Amino acid sequence: MASLFETWSLDREIVLVKVLNHPRDKVFAAWMDPKALGEWYGPAGLSIESHEADIREGGLWRFDMVGVFEGREQRFPNLMRFLEIVPNERIVMDYGTPDPDDPDRFRATVTFDEQADGKTVLTMRQLHPSAKRRQVVIGFGAVEYGLQTLDGLAAWLDR
């Protein structure tokens, strides 16, 4: 699967961008703090239950997104493996389920660019294993959910 991510392909990519009214060191710190991640991460209406959080290069974050759908609680297991962390600049991770053979795992790169006015442009690039899988995740709302997640980060930073 690693070879899938050696070449970036636009037909497999989703890009989300958010301008945040905070300096990049503060925005980056919100990604590095497991307690903070659990408070802001995820789409609106879902909560995060962390099971393991070792947020460093080579570490991982294993968590469930939990929400009520059609009157009953549902859990969505997630796993992020942190491949590269360059403080205040970039985080590269593999993202999927805890299944080690998850065929839908994707590569995510988050960059933090500070503007002259002190605001930060956060860019999240996702590279999915195939163009077909990209279409599937767009179809179930991944772009909207991703933007809700970045809105949650903005709200968390603003308090």
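**Salt bridges and one buried glutamate**

Okay, let's start with Asp-54, which forms a salt bridge with Arg-56, with 3.0 Å between the closest N and O atoms. By salt bridge I mean a side-chain nitrogen of Lys or Arg within 4 Å of a carboxyl oxygen of Asp or Glu. This is a predicted model, so local features need pLDDT of at least 70 and side-chain atom pairs count only at pLDDT 80 or more, while totals for chains, interfaces and linings use all residues. Residues are numbered from 1 along each chain as its sequence is written, and side-chain values use heavy atoms, with hydrogens and water left out.

Back to our pair: Asp-54 is partly exposed at 27% relative accessible area, and Arg-56 is partly exposed at 44%. The scale here is buried under 20%, exposed over 50%, partly exposed in between, with a 1.4 Å probe and protein chains only.

How many salt bridges does the structure hold? There are 12. One of them joins Glu-39 and Arg-159, at 3.3 Å, N to O. Glu-39 sits in helix H2 and Arg-159 in the segment after helix H4, so this pair ties together parts 120 residues apart in sequence. Helices, by the way, are DSSP runs of H or I, at least four residues, and strands are runs of E, at least two, numbered from the N terminus. Arg-159 is exposed, at 68%.

And the glutamate? Glu-13 lies in strand S1 and counts as buried, at 10% relative accessibility. Its side chain makes a polar contact with the side chain of Arg-125 at 3.3 Å. A polar contact is a pair of N or O atoms within 3.5 Å; within protein, one must be able to donate a hydrogen and the other to accept it, and residues adjacent in sequence count only if both atoms are side-chain atoms.
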